[in-house]
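Here is a brief report on one model. Look at the sequence and the coordinates first.

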Amino acid sequence: MTVALPASLADGAAEMRTWLRALHQMPELGYEEHKSAAFVAARLGEMGLEPVTGIGGTGVVAVLKGQGLAPPIGLRADMDALPIEEASGLDWASRVPGVMHACGHDGHMAMLLGAARHLTKAPPPPGDVVFIFQPAEETGAGAAAMIRDGLLERFDIPEIYGLHNWPGLEFGRFLACDGAQMAAVDRFDITLTGTGCHAAMPHLGRDALLGASQLHQLLQGIVARNADPLDSAVVSVTQVHGGEAYNVLPETVVMRGCTRSLSAEMRDLIETRMRGISTGLAASLDLKITLDYHRGYPVTQNSAKEAGLARETALRMLGPASVDPAPKPSLASEDFAYFLEKRPGCYGFLGAGPGPALHSPRYRFNEDLLPVGAAWWVGLAQRVALI
Ligand SMILES: [Zn+2]
Ligand SMILES: [Zn+2]
């Protein structure tokens, strides 16, 4: 798909590419985005804005005054990188060993800066525009940290929008759901304790490994037999640790993994069933089974009106073919969910076309996407969907 952009945004592509490459070479993990924050703040300052730093740790916020004809609007980019050794082969690859912008948050920063550049040169937008550069999306819940620091009240943000580049989705396509866009993610640690013994004399012990194998299968029954088949969820056991010898049944086995759900009800159902299954299996096999269930990011829940505005903005700025006609949520997760618990808004995916997946060491941000994402931001700020 080709996307026709306003000329001034297309002209800004080269500058955005320069910013992207600079940021890509200096990736920083969550809450350590000091250089990235300084870079962002410097660019915002050059545009005549007055960036405020230190919101939620390393977050940066700047406000562009509007005409007062519309309520303020919050536009958010994330800033953190991942603990991955880059294997992209790019000339401008990471200069930090073991750290890489493998989720494209460098591109997200560049796109929002590009939009800010465009908007600061244009006539004032209808309402104030709050540019939000957030730390620690990957694991640190930087959105929640910014909320705790008073972001939403201090900068008067009644509605908020976010965007993620999405490899595998057709280039330039915009995907936003009414309702759940991304899943809640929870982690679990299960410890099964029996009685270790000689493998030749299993009757003298209580086999924690047998319990683990049965538990793994029973956990798969939650989605298969407890969840409504029309609702989506995942229970994934990703680690099993137990035993060290060919001839010893171990005393303990540890299983770990994560769950994904698209509603609070499904999330509660999964946890409740995991507890029930663990208790029942412990009784039937005479084992001790402890389940530690840790709730992570909640469901990223778009509000229908704002999701509609987001799609209409994509339609106006990127063309009618850009809007995904049958959007489906992803069971990945995103800490933008915390903003959407507090304010109406929308989180959308912007198709980056074919290429290595997010979090791959070979991932490359599609530079052609920079002006496309910036155009969507500009359209939101200028409220083109309401004109
Ligand atoms: Zn990521
Ligand atoms: Zn990401």
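In which crossing, left-handed or right-handed, does helix 2 pass helix 4?

## Basis

This is a predicted model: local features need pLDDT of at least 70, side-chain atom pairs count only at pLDDT 80 or more, and totals for chains, interfaces and linings use all residues. Residues are numbered from 1 along each chain as its sequence is written, chains are lettered from A and ligands numbered from 1 in the order in which they are written, and side-chain values use heavy atoms, with hydrogens and water left out.

## Helix 2 and helix 4

The crossing is right-handed. In a right-handed crossing the near helix is turned clockwise from the far one by less than a right angle, in a left-handed one anticlockwise. The axes come within 9 Å and cross at roughly 145°. Axes are lines fitted to C-alpha atoms, for helices over the stretch in contact; angles run from 0 to 180 degrees between N-to-C directions. Helices (H or I, at least four residues) and strands (E, at least two) are DSSP runs, numbered from the N terminus.

Helix 2 spans residues 13-24. Its contact residues include Trp19 and Leu20, and those of helix 4 include Met109 and Arg117. Contact means heavy atoms within 4.5 Å. The contact residues divide into eight nonpolar, three polar and three charged. Ala, Val, Leu, Ile, Met, Phe, Trp, Tyr, Cys and Pro count as nonpolar, Asp, Glu, Lys and Arg as charged, and the others, Gly among them, as polar.

## Zinc site

Cys103 (SG), His105 (NE2) and His164 (NE2) coordinate the zinc ion (ligand 2) at 2.0 to 2.3 Å. Donors are N, O and S atoms within 2.8 Å of the metal (3.2 Å for Na, K and Ca); water is not among the atoms, so sites may look incomplete. The donor spacing in sequence is C-x1-H-x58-H.

Cys103 also bridges to the zinc ion (ligand 1); the two ions lie 3.2 Å apart. Cys103 sits in the loop between strand 3 (73-78) and helix 4 (105-121), and His164 in strand 5 (residues 160-167), 61 residues apart. Cys103 is buried (under 20% relative accessible area; exposed is over 50%, partly exposed in between; 1.4 Å probe, protein chains only), at 5%. His164 is buried too, at 4%.

The protein chain is divided into domain 1 (7-182 + 299-386) and domain 2 (184-295), with bounds from an automatic or database domain assignment. Their C-alpha centres lie 38 Å apart. Domain 1 gives nine residues to the contact, domain 2 eight.

Helix 7 (residues 208-226) and helix 8 (residues 264-285) pack at about 145°, axes 10 Å apart. Their crossing is right-handed.
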